[in-house]
Amino acid sequence: MKVIIRADSNKVVAMGHVMRCLSIADALSDRGAEVVFFCATKDPEELITSRGYDVRVLNTDFDMMDRELDIVCPMLETEKPDVIILDTYYLTDKYVTKISEYAKTVYVDDYGKNAFPVDLIINYNIYGDLTDYEGLYKKAKRKQPKLLLGPVYAPLRKAFESANAIEIKENGPFNILISTGGAASLRIAKGLADKFVNDSSDDAALMVFNLLVGPFSKDKEYPDNLEETNPGKINIWSRLTHMPGFLSRFDMAVSAAGSTSYELCSMGIPAVLFCMADNQSLINETFDKKGIYKSGGNAEKNREQVIENLYADTVLAIKDFVYRKECSLRARNLVDAKGAERIALNIEKELNIL
């Protein structure tokens, strides 16, 4: 089976798209598939090739996909894929219709707003199985694709399958992970760090803050001496190679409501979430409504209030051992880290590609 994955990652598009596609690629590769990535720019090339996959850099505008059809179609003619997996928010009906002429198509969806003419939809989000795809496709007068919905299909990295849940500690000090993903432009991590280092209370003395800085994050502009001037209180991390091992050192997390949310769940790490973009809003709200992770709010609408909420909720959580134990259990029951394997199996089964 030959699979093309069309995904991007850059200063605008968060790393989560490519990371989840790499998890799917690994699961497909384990089943004997040949996987090749198509990317608009070279930004994610190093990461993808380091995982053993070829990349075709299109040198196109990631947000104007129709313009790349003249480049992509001849490449598809040469590659002759069986399946094309699409993971981008910039798809158009014209684009999907055209490339569907070359292979069966799979769409990794977060919104549930477009009735694209694909063969299979993956929406692994916590609200995925609540999305009315039947109504969406009926309204568009199109045949409904096969559906893989809900966190049971969350495509975590293979390493998470063998990762153990963290032990919930009753007493500090507590290692707190700050993972803001695409929220770096709103300086959520910086705001939390500033609040923490200026807090002289006993609560702050119980915590150590760990800031995860992504490769495209503007938060790399932190003063070089942030860690040095706060010994034992602030750690900065980047370019990780083994995420489960990294996460295992933390007692709690503050995270943007994206792919990291499901990784935290799989290891039973209590967390407070927030959103700063449309695609994170439903994740954030549904985690809160289902009582799994609390929401700190929408940072795009009110950054300062969200920072206050996140910090206050973190302090409350570290002081409540019972709450953190219950939170950990609820999170682990949501995600089991076998989602990518299920996706690969269903791509073969539902699309009759064996």
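Asparagine 171 sits in the loop that links β7 (146-149) to β8 (174-179); strands (E, at least two residues) and helices (H or I, at least four) are DSSP runs numbered from the N terminus. The model is predicted: local features need pLDDT of at least 70, side-chain atom pairs count only at pLDDT 80 or more, and totals for chains, interfaces and linings use all residues. Residues are numbered from 1 along each chain as its sequence is written, and side-chain values use heavy atoms, without hydrogens and water.

**Asparagine 171**
- Asparagine 171 is exposed, with a relative accessible area of 56%; exposed means over 50%, buried under 20% and partly exposed in between (1.4 Å probe, protein chains only).
- Its C-alpha atom is separated by 8.4 Å from that of isoleucine 318, 147 residues away along the chain.

**Nonpolar cores**
- A nonpolar core joins buried Ala, Val, Leu, Ile, Met, Phe, Trp, Tyr and Cys residues through side-chain atoms within 4.5 Å.
- The largest has 93 residues, and Phe37, Ile85, Phe209, Phe287 and Tyr293 touch the most other members.
- Helix α1 (residues 16-30) gives the largest share of this core, eight residues.
- Another core, of 24 residues, lies apart from it and includes Val36 and Leu58.

**Helices α6 and α11**
- Helix α6 (residues 188-197) packs against helix α11 (residues 303-318) at about 55°, with axes 10 Å apart; axes are lines fitted to C-alpha atoms over the stretch in contact, and angles run from 0 to 180 degrees between N-to-C directions.
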